[in-house]
Structure formats: C-alpha cells, structure tokens
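Good morning, and thank you for coming. I would like to take you through one structure, beginning with a helix packing and ending with several individual residues. Please have the view open as I speak.

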Amino acid sequence: MTSKSPWSFRLRCWVRMQVVARPRLEPFWRAIYQLAERMVVLWLSRFAEVQAVYLRRGASKGELLPGVSDLDWTVILGPISAPRRKRLQSHYAVLARIFPFLEKELMALDESELPDLWARPENWYRWREARQTWKLKLGRDVLSEMPELPDLVWAGWHREVKTWINVWVKNLLNHPWRFSDRVYRNATSFKLLSEFLKLELAVFQGRETFQRQQALAWAGPQHPWQSDLLAMQKSRFLAAGPEFAQWTMSQMLFWLERFRTHMARSEYGPCRQTFQFQ
C-alpha cells in the first residue's frame, strides 16, 4: 500500500471478512439483501415515470454471495423532468448509503433512447445477457418488446474484454486500498477470468452462456483455469496472499494474445458476421 487507508475503508474491509468467513450466518445476510431489494423496488415505485425496474448481473443469475456481491439495477424511464430525475437518483443514493452492497449509481435509461442503444452492435452482447438473465422487479417487461438480436456478437465480445480489464486494473492495480482487501482482490480476479472464460467459449467454440458455473462446467477439468477458479470459489475468496491476483495477471496477458490471434480466424468471429449482419 502506498498510503494509509481511511478508517471507513478498513471498517468495510473488516465487515466484509466477517460476513464471508461465517457461512453459518449467510441466511441472515441474504435476508438483509432481500430487504434492500424490497426497499429499492418500493422507493422506485413511487415514481410514475418508472416503466420497468430490473435486477441484473450476479444477483439475477443466482450467483449472489453476501459480502462479495452487489445488487445492480437498471431502470427504464418514460418522459421525466430533470428535477424528477435528480430526485429519483437522490432517493436511491440514500438507500445505497444505508445498504453499502447496493450499486453506487443507479443505471437509469430513457425508454425513448432504448431503440438506438439496442441497435448498436457493441451493445448486443450485453443486451443478449439482459434478455436472458435480468429479473423484472417492477413494471412491464420493456426488453421483451425489443427486436430479436443476433446469436453471435463479436463487437460486444471486444467491448467485454476492454470492460473487464478496466475493472480489474482500476480496482486493483490503481487502487492500493482495494488490493489490500483480500476478499475483494480475489473475487475481482475470479470474476475477470470467469468472464474471459465465457468469452472464450463463445469465440472459440460458439457456445454462449452468461452463467459462470455453466462456463466452468463446459470448460471441463482439462482447462488450465478450472481447478484454480473452483478452488478459489470454494475458499469463499479468503486466500490471504496476493498469489491468485498475480496469477490472474499472467493468465490475462497470455489469454489476450490468444484471443487476438484466434478472433481473426474464428468461424464465429467478425469475418463471418460482417457478411451475415450487413
């Protein structure tokens, strides 16, 4: 660490350790997550402009682990004034301070802009994930009203690679306080390689899944990552040393070169899809 972490971060790190290290109390913490979920839906229901509220990412896929997972939300809005939008965001910010595992900023999308966002190829992978895994918690299912998407979406794969590298570098290499949090460090490294594994299956084999456990199962014991990822998951991300993060960096660099060279000749990559979707 290059500087002394603030007391608030040290407290949060300690609380995270207590939650993760005591699996017997997991039902209690899951109940707290459920309470937070109900509070978010209740508060957002007070805004008539809200057309849909979706729970997304790990919590919507059955991958929630208290102390590690956040609750991530997307809200689809009808016509709304700037003051009302600001009020909606401020209401959510209050809840995020009460429940620190809520995503800090609420993703609020205007329904009028959704067709344009839906039509962009770089968004197709995330929209396919949304269609298959997001859970509708309030309102009408706006996503089901959107057009069908292509099966294989190479532009979105490239965006995913960039997104997860940025997440890992920003939160671990550029943030020494977070690197010192063993659970956060190990979980972030696990997520990076798990997401790369999902992309590998799509690019190299044409097999798409948005579930990490499914990806690990499809990869099989012959994959060089599977045993290490499963072992870290089984340990509840409590390994003390930095070895797993260091191994993750080496594997990430090796994988990126493999991804780059394979993408150009993959039957599921841009050469095939350029003609298919034009």
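Predicted model: local features only at pLDDT ≥ 70, side-chain atom pairs only at ≥ 80, totals over all residues.

**A pair of packed helices**

Helix α1, residues 7–20, packs against α8 at an angle of about 70 degrees, and the two axes are 9 Å apart. Axes here are lines fitted to C-alpha atoms, for helices over the stretch in contact, with angles running from 0 to 180 degrees between N-to-C directions. That angle makes α1 roughly perpendicular to α8, because angles of 65 to 115 degrees count as roughly perpendicular, under 35 as roughly parallel, over 145 as roughly antiparallel and the rest as oblique. On the α1 side the contact is made by Arg16, Met17 and Val20, and on the α8 side by Arg182, Val183 and Tyr184. Contact means heavy atoms within 4.5 Å.

Residues are numbered from 1 along each chain as its sequence is written, and side-chain values use heavy atoms, with hydrogens and water left out. The helices (H or I, at least four residues) and strands (E, at least two) are DSSP runs, numbered from the N terminus.

**The nonpolar cores**

Which residues touch the most other members of the largest nonpolar core? They are Trp127, Trp157, Phe196 and Phe237, in a core of 51 residues. Two or more residues come from each of β1 (50–56), α4 (114–119), α5 (124–133), α6 (154–173), α8 (182–205), α9 (212–219), α10 (226–234) and α11. The element that gives the most is α8, with 12 residues. Apart from this core lies another, of 26 residues, including Phe47, Val53, Leu95 and Ala108. A nonpolar core is a set of buried Ala, Val, Leu, Ile, Met, Phe, Trp, Tyr and Cys residues joined through side-chain atoms within 4.5 Å. Buried means under 20% relative accessible area, exposed means over 50%, and partly exposed lies in between (1.4 Å probe, protein chains only).

**Aromatic rings and charges**

How many aromatic pairs does the structure hold? The number is 11. One of them, Trp255 with Phe259, is stacked, at 4.9 Å centre to centre and 20 degrees between the planes. Rings of Phe, Tyr and Trp (its six-membered ring) pair if their centres lie within 6.5 Å; planes under 30 degrees apart count as stacked, over 60 as edge-to-face and the rest as tilted. Trp255 and Phe259 are separated by about one helical turn, because they are 4 residues apart in helix α11, residues 243–263. Both Trp255 and Phe259 are buried. Elsewhere, ring pairs link Tyr54, Trp118, Trp127 and Trp134 into a cluster.

Two arginines also deserve a look. The charged end of Arg207 sits over the ring of Trp218, 4.4 Å from its centre, and Arg185 lies over the face of Phe179, 5.2 Å from the ring centre. A charge sits over a ring if NZ of Lys or CZ of Arg is within 6 Å of the ring centre and within 35 degrees of the ring normal.

**Residues in loops**

The loop between α10 and α11 holds Arg236 and Phe237. Arg236 has a positive phi, near 60 degrees, although it is not a glycine. Phe237, likewise a residue other than glycine, has a positive phi near 65 degrees. Arg236 counts as buried at 16% relative accessibility, and Phe237 is buried with a relative accessible area of 6%.

Leu65, in the loop between β1 and β2 (72–77), reaches both of these residues. Leaving aside neighbours within four places in sequence, Leu65 is in contact with Glu26, Tyr33, Arg236 and Phe237. Leu65 counts as buried, at 14% relative accessibility.

Beyond its neighbours within four places in sequence, Thr209 is in contact with Tyr125, Lys198, Leu201, Gln214, Ala215 and Trp218. By contrast, Ser112, in the loop between β3 (107–110) and α4, counts as exposed at 66% relative accessibility.
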